[in-house]
Amino acid sequence: MTVWDALVGQSDVVEQLQRAVAAAHETDPGPEMTHAWLITGPPGSGRSMAAVAFATALVCPDGGCGTCRACRDVASGVHSDVTIVRPEGVIFGVDQTRGLVGRVGVLPSRGDWNVIVIEDADRLNEHADNALLKSLEEPPSRGVWVLCAPSPDDLLPTIRSRCRVIRLRTPPIPEVADFLVRVAGVDPALASYAARAAQGHVGRARALALDEGERVRHQEILRFPQRLGSVAACLTAAADVVAAARLRVADVADPMDADDLAQLLRNYGEGGTGAGSAKVRAGAAVKEQEKGQRNRRRRLLRDELDRVLLDLLGLYRDLLVLLADQDASLINEELRSEIDRMAANVDMVGALRRIDALGRARALLAADGNEDLVFERLALELQRPQVR
Ligand SMILES: [Zn+2]
């Protein structure tokens, strides 16, 4: 399996990146290759995977064979010429940015290229100082920046304009299902369900296919509309959804926070007591870290709740489709009889208004709206959509 096989439904992008890799391995790379790339695409389309595949192919003598020493070293994070900055990292200050600028400037020690991948490049905005901009514009001859962001608009124009933009698309459902069967060995019926339910989000499809708990949660979310009997029931259902999401985030974030703190204290030299303890010495840094951790938690919670909204959107899209055509295929094919029952009480205008309400909820969440209020309002709107 080559490094490119992990990219689902992105054949155009793969071809373009492979041309760049082929050029990059020439003595005189030519125009197919450049020093600053920006990989964009909707959540779940595989931005980070594309960036890492590209970085690996640049340092692999075979253009990303997936099996040689270089490929394996990148995969396990120990290749000296590939630096990958991952989104979980909460410390992302000017110092770190400058560190990366310095890092891209050294000559590669093993192969032809020295690659820095930044998976959440939108976070560079605050620290887009001149050192970074200059490095993006005139990178050292063997250095490559590969930035990732949801869309080019998420980056400052000063950064964006210095990069060649690669756009991933939402992968088609059949290709996601095929990928699950081929690469993860998933049963075809289960793969088809997971690909449909995930609506083109590859990571989500994989989780639904491989994790029973994930499937149970998904089914629970789809029962949300049935819980919206009275106003009180709406408020309870909304609170339950947000509370469940908070618990899920805590499961992920608690160990990450503990690791960050342990790492930080190690950097300050563990041990000592009272005024001399590492925790006191690290005081300001700990505060700064906690701020980053709070932001990370908010981001994780927003992502989690957005997935809930996408699941519900799929359900109401099914309702709309079924109202228009009894025989149409559905995202939630397994729930056809339930959706049929919903269709008895809702007309197309009602379905559209509920879809609008979900769209508004997504926009409010993305704009940092209060999660509890967003979901209370949504529950009430799904129960009785307003004319707008
Ligand atoms: Zn290789």
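# Salt bridges and a domain contact

Asp 368 is partly exposed, at 43% relative accessibility; here buried means under 20% relative accessible area, exposed over 50%, and partly exposed in between (1.4 Å probe, protein chains only). This is a predicted model, so local features need pLDDT of at least 70 and side-chain atom pairs count only at pLDDT 80 or more, while totals for chains, interfaces and linings use all residues. Residues are numbered from 1 along each chain as its sequence is written, and side-chain values use heavy atoms, leaving out hydrogens and water.

Back to Asp 368. You'll find Asp 368 in the loop between α15 (348–366) and α16 (371–383); helices (H or I, at least four residues) and strands (E, at least two) are DSSP runs, numbered from the N terminus. Asp 368 isn't a glycine, yet it has a positive phi of about 75 degrees. Gln 199 is another non-glycine with a positive phi, of about 50 degrees, and it sits in the loop between α8 and α9 (202–210).

Asp 368 also has a partner: it makes a salt bridge with Arg 302, with the closest N and O atoms 3.4 Å apart. A salt bridge here is a side-chain nitrogen of Lys or Arg within 4 Å of a carboxyl oxygen of Asp or Glu. This pair links distant parts of the chain, 66 residues apart, with Arg 302 in helix α13 (residues 283–324). Arg 302 is partly exposed too, at 22% relative accessibility. Elsewhere, salt bridges that share partners tie Arg 204, Glu 214, Arg 217, Arg 248, Glu 304, Arg 307 and Asp 311 into one network.

Now for the domains. The chain's domain assignment, which is automatic or comes from a database, gives domain 1 (3–167), domain 2 (173–226) and domain 3 (231–383). The C-alpha centres of domains 2 and 3 lie 18 Å apart, and 14 residues of domain 2 are in contact (heavy atoms within 4.5 Å) with 23 residues of domain 3. About 1600 Å² is buried between domain 2 and domain 3, 62% of it from carbon and sulfur atoms; that buried area is the accessible area (1.4 Å probe) that two parts lose on being put together, summed over both.

Three salt bridges are counted between domain 2 and domain 3. On the domain 2 side of that contact, α8 (188–198) and α10 (212–222) each supply at least two residues, with α10 giving the largest share, six residues.

Arg 204 is worth a look. Asp 311 and Arg 204 meet in a salt bridge, and Arg 204 forms one with Glu 214 as well. The second pair joins helix α10, where Glu 214 sits, to Arg 204 in helix α9, ten residues apart. Glu 214 is buried, at 9% relative accessibility, and Arg 204 is buried at 9%.

Over in helix α3 (residues 69–75) there's Asp 73, which is buried at 8% relative accessibility. Apart from neighbours within four places in sequence, Asp 73 touches Val 78, His 79 and Arg 110. Asp 73 and Arg 110 form a salt bridge, which spans 37 residues and reaches the loop between α4 (94–105) and β3 (114–118). Arg 110 is partly exposed, at 40%.

The whole structure has 30 salt bridges, including these:

| Salt bridge | N to O distance |
|---|---|
| Asp 311 and Arg 204 | 2.8 Å |
| Asp 73 and Arg 110 | 2.9 Å |
| Glu 214 and Arg 204 | 2.9 Å |
| Arg 302 and Asp 368 | 3.4 Å |
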